[in-house]
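I opened this structure to go through its core, its helices and its rings. My notes are in the order of looking.

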Amino acid sequence: MEHQYTSRIFWTGNLGTGTSGYKAYARTWDIAITGKKIIHCSNDPLLGGDASKMNPEDLLISSLSACHMLWYLHLASDAGITVLEYEDSPIATGEILKGGAGRFVSAVLRPKITVADGADLDSAMAIHHEIHKVCFIARSVNFPVFYEPEFVISHL
């Protein structure tokens with residue numbers, strides 16, 4: 001079964017003369033999806049973008065992390081593991097090749113997961129290695145994704 005996702009991207013960086021010169025335009029754009037808040041974005045600051053705005057690389061690593069989290073919560077629930085809190089600080093490593101072409105070479109997801117007292121931590125850890133089989137984003141990237149979870153046991 002196929003499912004489609006749609007988006008609208010609007011370049012907002014015309015400073016008056018369009019792309020008449022490399023420095024004549026801003027690398028800013030908006031993501032506008034019907035019924036959702038507009039996200040103001042820019043290029044990576046290394047490539048002339050605005051560091052205060054999300055860039056495509058930020059969005060990719062955030063999407064990878066969020067997809068992993070949502071599947072983790074699902075699989076933990078199925079396994080009888082009660083997750084009370086989940087936060088991640090993922091890191092993606094990219095390289096820029098001669099000529100300016102870039103790519104991601106790896107990512108590390110580093111979730112801090114608080115589980116209820118009595119949780120089977122071996123099972124909680126094993127879930128991370130099952131997610132790449134089902135997560136849309138993880139199944140779509142062509143670079144390795146590693147996991148360095150930290151578990152906290154809640155004694156509430």
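**Entry 1: the model.** I am working with a predicted model. I keep that in mind for every value here.

**Entry 2: the core.** I looked up the largest nonpolar core first. It has 22 residues. Which of them touch the most other members? I found Leu-64, Tyr-72, Val-83, Phe-143 and Val-145. Next I checked which elements supply this core. Helix H1 (56-78) and helix H2 (121-131) each give at least two residues. So much for the helices. Strands E4 (83-87), E6 (102-109), E7 (112-116) and E8 (145-147) also supply at least two each. H1 brings the largest share, 5 residues. I note the general background: in soluble globular proteins, nonpolar side chains tend to be buried together.

I then followed Val-145. Setting aside neighbours within four places in sequence, Val-145 is in contact with Leu-64, Ala-107 and Leu-109.

**Entry 3: helix H2.** I asked which residues of H2 are buried. They are Ala-124, Ile-127, His-128 and Ile-131. They cover an arc of only 105° around the axis, so they sit on the same side of H2. What covers them? The cover of the buried H2 residues includes H1, E4, E7, E8 and E9. I also inspected the N-terminal end of H2. Asp-120 caps it. A side-chain oxygen of Asp-120 lies 3.0 Å from the backbone nitrogen of Asp-122.

**Entry 4: aromatic pairs.** How many aromatic pairs does the structure hold? I get 5. I looked at two of them in detail.

Trp-11 and Tyr-25 form an edge-to-face pair, with 6.1 Å centre to centre and 80° between the planes. Trp-11 is in strand E1 (residues 9-11), and Tyr-25 is in the loop between E1 and strand E2 (28-31), so the pair ties together parts 14 residues apart in sequence. Trp-11 has 44% relative accessibility, so it counts as partly exposed.

Tyr-72 and Tyr-86 form a tilted pair, at 5.8 Å centre to centre and 45° between the planes. This pair links distant parts of the chain, with Tyr-72 in helix H1 and Tyr-86 in strand E4, 14 residues apart. Are these two residues buried or exposed? Both Tyr-72 and Tyr-86 are buried.

Entry 5: I went back to Trp-11. Ring pairs link Trp-11, Tyr-22 and Tyr-25 into a cluster. Arg-27 lies over the face of Tyr-22, at 4.3 Å from the ring centre. Arg-27 also lies over the face of Tyr-25, at 3.9 Å from the ring centre.

**Entry 6: Ser-154.** I located Ser-154 in strand E9 (residues 150-154). Its relative accessibility is 11%, so Ser-154 counts as buried. What does Ser-154 touch, not counting residues up to four places away in sequence? I list Leu-84, Thr-114, Val-115, Ala-116 and Asp-117.

**Entry 7: Gly-102.** Gly-102 lies in strand E6. At 54% relative accessibility, Gly-102 counts as exposed. Not counting residues up to four places away in sequence, Gly-102 touches Glu-95 and Ile-96. I also took one distance. Gly-102 and Met-125 are 23 residues apart in sequence and 32 Å apart in space, C-alpha to C-alpha.

Conventions. Residues numbered from 1 in each chain as written. Predicted model: local features only at pLDDT ≥ 70, side-chain atom pairs only at ≥ 80, totals over all residues. Heavy atoms only, no water. Helix = DSSP H or I, 4+ residues; strand = E, 2+ residues; numbered from the N terminus. Buried < 20%, exposed > 50% of the residue type's maximum accessible area, 1.4 Å probe, protein only. Contact = heavy atoms within 4.5 Å. Core = buried A, V, L, I, M, F, W, Y, C linked by side-chain atoms within 4.5 Å. Arc of directions from axis to C-beta. Polar contact = N/O pair within 3.5 Å; in protein donor to acceptor, adjacent residues only side chain to side chain. Phe/Tyr/Trp six-rings, centres within 6.5 Å; stacked < 30°, edge-to-face > 60°. Lys NZ or Arg CZ within 6 Å of the ring centre and 35° of its normal.
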